[in-house]
Amino acid sequence: MRRVIRSRTTKSANETRRFAACLARRLRAGDVVLLHGDLGAGKTTFVQGLAAGLGVRTPVTSPTFTLIHEYAAGGVDLFHFDPYRLAGTGDIADLGFEDYLARGGIIVVEWGERLGEFTPPERLDVHIEVGEAETRSITLTPVGAR
Ligand code: ADP
Ligand code: MG
């Protein structure tokens, strides 16, 4: 099953954050969100909005070098992955991605396509495309039954 549930064009980083914050209210423990888009598309910006919507108060930064950031968000954990610097899916196994899945928090992954064989069958795919000036076209596609 593949259907776009929502498509939206934002005109600023803050608008992207607000859109993500609205989405956050519909997420629940165990959900996986995979972000797709080029460098600078706005993936980390989107995670900032998600985190804010979940009630995370600490600032959200890119885990490009540390690969994973964990946030506690009012009763649910948010795990923010950025496998940009990983060479292959073997490294993703080393990160313990499946252990994080088992912990039942909300998982959000930048460069989601890099999960390869670890891609969960149930997920929300978010594609961000850069448009003119500060516009970004954001498409949400749920995959799986949920
Ligand atoms: P990524 O994580 O995809 O590499 P970032 O979120 O780190 O991208 O960076 C996106 C950059 O684009 C930020 O500097 C942000 O301010 C800027 N930007 C401009 N317009 C938008 C928009 N509509 N949505 C998101 N980011 C935007
Ligand atoms: Mg990023």
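The protein has four helices and seven strands, taken as DSSP runs, with helices being H or I of at least four residues and strands E of at least two, numbered from the N terminus. Along the sequence the pattern reads β-α-β-α-β-β-α-α-β-β-β. The radius of gyration is 14 Å, close to the 15 Å from the globule rule for 146 residues, so the protein is as compact as a globular protein of that length. That radius is taken over C-alpha atoms, and the rule is 2.2 Å times the number of residues to the power 0.38.

A note on the source: this is a predicted model, where local features need pLDDT of at least 70 and side-chain atom pairs count only at pLDDT 80 or more, while totals for chains, interfaces and linings use all residues. Residues are numbered from 1 along each chain as its sequence is written, chains are lettered from A and ligands numbered from 1 in the order written, and side-chain values use heavy atoms, without hydrogens and water.

Of the 146 residues, 50% count as buried, meaning under 20% relative accessible area with a 1.4 Å probe, protein chains only.

Now the metal. Which protein atoms are donors of the magnesium ion, ligand 2? They are Thr44 (OG1) and Glu110 (OE), lying 2.2 Å from the ion; donors are N, O and S atoms within 2.8 Å of the metal (3.2 Å for Na, K and Ca), and with water not among the atoms, sites may look incomplete. Thr44 sits in helix α2 (residues 43–54) and Glu110 in the loop between β5 (106–109) and β6 (123–130), 66 residues apart. Thr44 is buried at 17% relative accessible area, and Glu110 is buried at 3%.
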